[in-house]
Amino acid sequence: MTFRKRSLEKLIPISPTIALDRERCILCYRCTRFSQEVAEDEELVAVNRGALSMIATFEGEPYRGPFSGNVVELCPVGALTSTQYRFRARPWEYEQAASVCGLCPVGCNVTVQSREGKIQRVLSRNHPEIDRGWLCDKGRFSYSYLYSEERILVPRRRGARELEELGWEEALNELEGMIERARGEVVLALSGTETIELAYSLAKVVRQGAASDRVVLPEQALDVLDPFRVSVSALAAAEEIVIFEECPVLERAPIVELWLKQARRAGACITRIGPSGDIQRAPGEAAIACRELAETDSELGRRLRGTERVVLLWSGGGGAGGAHLAALAHALGLHEKEGSGALHLPSTPNARGVAEAWAAAGEENRQSGQIGLLIVSGDEAASDLQVRQLAERARVTVALTLFAGDSGEWADLVLPATSYLEREGTMRNLEGRLQRLRGATGTTVHPELVWLAELAGRLGVTLPDTAAAVFAELSAKALDGVSLSSLAEQAPLPPRAEAKAVQAPVAEAPPTVRGGPLELLRYRALFSGPEVEHVPELSFQGPATEVEISPEDADRRGIAAGTEVVVRSNGTSVRLRARINAALIPGAVRVAATHCSELARGVEVSRP
């Protein structure tokens with residue numbers, strides 16, 4: 001008796017990043033269990049029955065879950081493969097580097113595999129206290145932006161009509177002259193994506209070499225939460241979790257959202273406070289809600305005081321560097337409870353690290369009100385509205401970026417930057433954990449630490465040209481003498497600091513909204529920024545061109561879900577699709593920052 005060999009369609013793209021080969025599939029259901037039980041997106045399913053069972057996406061739609069790439073690593077037979085990596089080489093041909101993802105404040109541990117000097121794929125590397133072996137798609141698939149044709153590889157100078165290329169020696173000569181002419185009038189704008197060593201080197205050149213002491217930090221970052229330090233994994237064991245969520249956790253720190261889902265499955269009570277939370281508060285009122293929760297007559301506050309394992313989260317602006325959350329944690333006595341603590345989610349990967357680096361780089365100098373030279377570090381800083389306004393006031397501007405992008409319109413000198421995948425150094429994540437980055441491949445541009453050391457020497461400042469040497473110098477000043485060798489592949493969590501009362505800034509009501517009757521809540525979407533914009537495979541993950549609006553506000557304006565609407569303020573308007581969000585507080589609308597960069601805080605939404 002003979003049986004006909006079963007043949008199935010080959011290479012089915014279930015998304016632009018993942019391909020499915022059903023002939024290899026053994027129906028182990030690892031991928032569908034991840035989709036249903038871990039990510040909880042339920043987009044990957046098993047269809048048909050018996051011998052005809054097979055893996056497919058729900059109703060044939062692309063697998064859009066932000067954690068979809070994890071199924072590639074979970075598949076034991078190679079039925080699910082990455083479209084970027086598929087059949088590029090054999091796994092044993094790769095060089096591997098144990099590093100850390102530098103795209104969000106979580107600091108997920110990763111293994112970066114490269115071949116012949118080019119990165120081929122990024123895999124998760126299990127750190128049980130941080131990521132549990134999971135990785136979001138931005139961290140997994142965005143590495144190919146390093147090889148975009150639009151990346152800046154050599155310095156560029158403002159010419160008569162456009163930016164013109166020049167050599168490194170000429171560029172350093174020009175930068176040295178700019179600094180000398182603007183001595184005492186230099187401003188440094190940091191993006192929060194730098195390593196601690198790079199931020200320290202830039203700060204030392206500015207503070208000691210240029211006798212200047214003005215900096216634009218990405219956000220306020222303090223050490224006030226150190227007495228309440230817990231690992232991200234503490235969320236999984238928590239009994240009560242309170243989130244002050246003006247910015248969605250998923251967009252700011254995606255892996256934290258997975259820990260929250262695990263906590264909910266384990267029976268934790270999760271309370272979200274914010275414009276679309278379980279307890280609705282108007283935008284900008286998170287600090288007021290924090291103060292009210294600390295009062296003895298708060299019902300939720302009394303419940304938290306009587307619970308053994310409590311974790312507080314802050315996701316959004318206005319947190320005063322964690323001071324509001326620290327004051328609440330102290331009032332609730334979380335420093336006395338093992339397993340309880342507080343976590344502040346910064347908007348950038350290394351906000352606290354760059355702030356510490358700046359503080360350690362020099363003493364205060366007398367400052368001029370003029371901006372003779374503005375040095376902008378990173379594409380994120382270059383796209384910041386505040387930095388662009390400073391560039392308009394500066395006599396001369398220098399930008400260190402991966403892509404010309406925004407800086408190409410106003411910078412007088414553009415110097416190519418490296419990526420976190422190419423850098424050696426350290427970063428401090430949202431827990432306050434110091435982690436080590438190991439450059440996975442040789443960079444195609446001149447490393448910043450090398451030319452900064454040369455520039456510093458010309459300015460009479462001693463500065464090492466390697467990350468290890470810079471770390472050793474900085475550690476003695478600001479990192480309690482920690483040695484680089486102590487930061488193993490799985491970096492330890494520092495111990496808690498001694499608890500002390502925290503005086504939080506006065507929580508004031510947000511300013512009156514002007515320009516329109518609705519307050520615009522803008523957030524930076526997870527799949528946005530230069531790391532995504534230059535990766536074609538991730539374009540489908542970009543934020544939807546939509547505006548979230550409450551049912552009350554939609555009914556008042558005769559707006560139906562899915563219809564096109566006009567969002568306008570101060571003579572500027574954009575057309576978006578309406579999405580009715582039943583959880584959103586009336587009087588507010590929410591739009592991804594990508595789609596509303598020119599709009600003011602007060603807007604009106606209407607039909608065309």
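Select helix H9 (residues 286–294) together with helix H11 (residues 323–331): the two pack at an angle of about 10 degrees, with their axes 9 Å apart. H9 is therefore roughly parallel to H11, a description that covers angles under 35 degrees, while over 145 is roughly antiparallel, 65 to 115 roughly perpendicular and the rest oblique. The axes are lines fitted to C-alpha atoms, for helices over the stretch in contact, and the angles run from 0 to 180 degrees between N-to-C directions. Helices (H or I, at least four residues) and strands (E, at least two) are DSSP runs, numbered from the N terminus.

The model is predicted, and local features need pLDDT of at least 70, side-chain atom pairs count only at pLDDT 80 or more, and totals for chains, interfaces and linings use all residues. Residues are numbered from 1 along each chain as its sequence is written, and side-chain values use heavy atoms, with hydrogens and water left out.

Now display the side chains between the two helices. Ala287, Cys290, Leu293 and Ala294 of H9 meet His324, Leu325, Leu328 and Ala331 of H11, where contact means heavy atoms within 4.5 Å.

Just after H1, select Glu40, which takes a positive phi of about 60 degrees.

Which cysteine sulfur is nearest to that of Cys25? A search of the whole structure finds 0 disulfides, a disulfide being a pair of cysteine sulfur atoms within 2.5 Å. For Cys25, the nearest cysteine sulfur is that of Cys31, 6.4 Å away. Cys25 counts as partly exposed, at 25% relative accessibility. Cys108 is likewise in no disulfide, and the sulfur of Cys104, the nearest one, is 5.7 Å away. Cys108 is buried, with a relative accessible area of 5%.

**Two further residues with positive phi**

Select Leu11, in the segment before strand S1 (12–15). Its phi is near 50 degrees, a positive value in a residue other than glycine. Leu11 is partly exposed, with a relative accessible area of 43%.

Continue to Glu116, in the loop between strand S7 (109–115) and strand S8 (118–124). Here phi is near 55 degrees, again positive in a residue other than glycine. Is Glu116 buried or exposed? At 74% relative accessibility, Glu116 counts as exposed.

**Salt bridges**

The structure holds 40 salt bridges, each a side-chain nitrogen of Lys or Arg within 4 Å of a carboxyl oxygen of Asp or Glu. Begin with Arg229 and Asp226, whose side chains meet in a salt bridge (2.9 Å, N to O). Arg229 counts as buried at 9% relative accessibility, and Asp226 counts as buried at 12%.

Then select Arg272 and Glu245, a salt bridge in which the closest N and O atoms are 2.9 Å apart. This pair links distant parts of the chain, with Arg272 in strand S14 (residues 269–274) and Glu245 in strand S13 (residues 240–245), 27 residues apart. Glu245 is buried, with a relative accessible area of 12%.

Proceed to Arg579 and Glu546, whose side chains form a salt bridge (2.8 Å, N to O). Arg579 lies in strand S26 (residues 572–580) and Glu546 in strand S24 (residues 546–549), so the pair ties together parts that are 33 residues apart in sequence. Arg579 counts as partly exposed at 35% relative accessibility, whereas Glu546 is buried, with a relative accessible area of 17%.

To view a network, select Asp226, Arg229, Arg352, Glu356 and Arg428, which are joined by salt bridges that share partners.

**The barrel**

Finally, colour strands S23, S27, S24, S26, S25 and S28. In that order they form a closed barrel of 6 strands with mixed pairing. The twist averages 45 degrees from one strand to the next. Two strands pair if DSSP finds at least two bridges between them; strand S23 (residues 518–523) and strand S28 (residues 602–606) pair in the antiparallel sense over 2 bridges. Select Leu518 to end the tour: its bridge partner in S28 is Val603.

Definitions and conventions
Buried < 20%, exposed > 50% of the residue type's maximum accessible area, 1.4 Å probe, protein only.
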